[in-house]
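Work through the exercises below with the structure in view. Try each task before you read its solution.

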Amino acid sequence: KEKYTNKQLIKLALKAKENSYSPYSNFAVGAVVLGGSGKVYMGANVENASFPAGCCAERSAIYSAISNGEKVLDKLVIVASGNDIVYPCGICRQVILEHMKNGKIICAKNEIEYEEFSIDDLLPKSFNLKK
Ligand code: THU
């Protein structure tokens with residue numbers, strides 16, 4: 001099983017951010033999911049002239065991992081434009097909950113400075129249909 005350090009995953013998320021399509025907000029976000037298979041899946045935010053049709057980087061990466069057969073997602077790394085740490089939006093937190101009950105979410109400023117969370121940290125008292 002291939003191993004990635006947090007530093008390597010953050011580097012990949014910074015690469016993914018370069019693929020952001022964000023001409024409306026000029027706010028680029030990159031994400032990387034480390035799947036249980038050991039493979040990584042990159043995501044970027046992809047905007048649309050009809051604004052709600054756009055997709056966040058986190059969901060792009062998660063849906064890519066799931067679409068490629070991953071059943072367990074171990075890590076999700078998020079990086080964004082500017083010099084600040086970005087935390088996942090509310091909709092993405094609900095999606096993270098669905099697929100990453102036991103995974104780690106890493107919100108990074110750069111390869112050295114980052115914060116690590118579980119979904120229970122980010123979305124307490126959540127809505128669930130499955131037990
Ligand atoms: N965005 C993300 O990709 N992830 C987040 O967690 C916050 C917001 C994107 C959506 C939109 O393309 C841009 O950032 C500004 O909201």
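Ala, Val, Leu, Ile, Met, Phe, Trp, Tyr, Cys and Pro count as nonpolar, Asp, Glu, Lys and Arg as charged, and the others, Gly among them, as polar. The model is predicted, with local features needing pLDDT of at least 70 and side-chain atom pairs pLDDT 80 or more, while totals for chains, interfaces and linings use all residues. Residues are numbered from 1 along each chain, and side-chain values use heavy atoms, without hydrogens and water.

**Exercise 1.** Sort the residues around the ligand by class.

Solution. List the shell: S25, F27, V29, N45, E47, C56, A57, E58, Y87, P88 and C89. Each has a heavy atom within 4 Å of the ligand. Now sort: seven are nonpolar, two polar and two charged.

**Exercise 2.** Find polar partners of the ligand's oxygen atoms (N or O pairs within 3.5 Å).

Solution. Start with side chains. E47 places a polar atom 2.5 Å from a ligand oxygen. For N45, the distance is 2.9 Å. Then check the backbone: a polar atom of A57 lies 2.9 Å from a ligand oxygen.

**Exercise 3.** Which parts does the aromatic pair of Y24 and F51 tie together?

Solution. Take the rings first: their centres are 5.6 Å apart (limit 6.5 Å). Next, place the residues. Y24 is in the loop between α1 (6-17) and β1 (29-35), and F51 in the loop between β2 (40-44) and α2 (57-67), so the pair links parts 27 residues apart in sequence. Helices (H or I, at least four residues) and strands (E, at least two) are DSSP runs, numbered from the N terminus.

Definitions and conventions. Polar contact = N/O pair within 3.5 Å; in protein donor to acceptor, adjacent residues only side chain to side chain. Phe/Tyr/Trp six-rings, centres within 6.5 Å; stacked < 30°, edge-to-face > 60°.
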